[in-house]
Structures are given as C-alpha cells and as structure tokens.
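Here is a short briefing for a first look at this structure. Start with the overall layout, then turn to single residues.

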Amino acid sequence: ADKEYFAATGKHIPVSESFRTAERQQELYNKLSARGARVAPVGYSFHEIGLAIDVGDDWKAVKPYLNKYGFVNGLEGDMGHFSVGEISPARNLAFS
C-alpha cells in the first residue's frame, strides 16, 4: 500500500501507531479512557497482535490504498484506525 501511495503522491503513508506491546496499550488505556476516548483494554487491541495501524488526519487520502490490501476502518469516531479482520463477524467470534 505504501509503495503505491508513494508512487501516486510522493509521500509515505503517515503511520502514527502500529504494533503495541501490552505495556504501551495499558499506558494508552490509562491515559485516554479517562478522557472518554475510544481505546481497547489490554488483550483486546488489534495493535497488540500487529493487525492495526493508525494514520491520523490523512485517513481519507490513504483509505483506498489500505483497503486494497485488506485494511478497513469502520470504527465510528476513530476513522484513522485501520485493521485487518477487526470489522467482521469472525472478529466477534474470536473475542467472545
């Protein structure tokens, strides 16, 4: 996705977060959940298993490139979050 985005725009996909350790996820959860932000508790984030990235404000520009490779963004209020398999019926079975 990044190679194609770079060829089209001369820029790399602006990834602000990707893989997270459980410690990093806990840090973000403690900080952001207190503010009412959407953040998964430890053990429930696709970032922790390497299947999610955050791209920030440029999400509309990179969306078609990421979608082509299976990354989707369907979390209301967090459209800069893209993942593989998170927004699907299989995801619900995996975490139930």
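The protein has four helices and two strands. Their order along the sequence is α-α-β-α-β-α. Keep in mind that this is a predicted model.

**Overall figures**
- The protein has 96 residues, and 25% of them count as buried.
- Among contacts with a separation of 6 or more, 52% join residues 24 or more positions apart.

**The nonpolar core**
- Seven residues form the largest nonpolar core: Tyr 5, Ile 13, Ile 53, Val 55, Val 62, Leu 66 and Phe 82.
- In soluble globular proteins, nonpolar side chains tend to be buried together.
- Beyond its neighbours within four places in sequence, Ile 53 contacts several residues, including Val 15, His 47, Leu 66, Phe 71 and Phe 82.

- Val 62 sits in helix 3, which spans residues 59-68.
- Val 62 counts as buried because its relative accessibility is 0%, below the 20% cut-off.
- Leaving out residues up to four places away in sequence, Val 62 touches Tyr 5, Ile 13, Pro 14, Val 55 and Phe 82.
- Pro 14 is 48 residues from Val 62 along the chain, yet their C-alpha atoms are 8.7 Å apart.

**Ser 83, in a strand**
- Ser 83 belongs to strand 2, residues 81-83.
- Ser 83 has a relative accessible area of 1%, so it is buried.
- Apart from residues up to four places away in sequence, Ser 83 touches Phe 46, Leu 51, Ala 52, Gly 70, Phe 71 and Val 72.

Technical notes: Residues numbered from 1 in each chain as written. Predicted model: local features only at pLDDT ≥ 70, side-chain atom pairs only at ≥ 80, totals over all residues. Heavy atoms only, no water. Buried < 20%, exposed > 50% of the residue type's maximum accessible area, 1.4 Å probe, protein only. Contact = heavy atoms within 4.5 Å. Core = buried A, V, L, I, M, F, W, Y, C linked by side-chain atoms within 4.5 Å.
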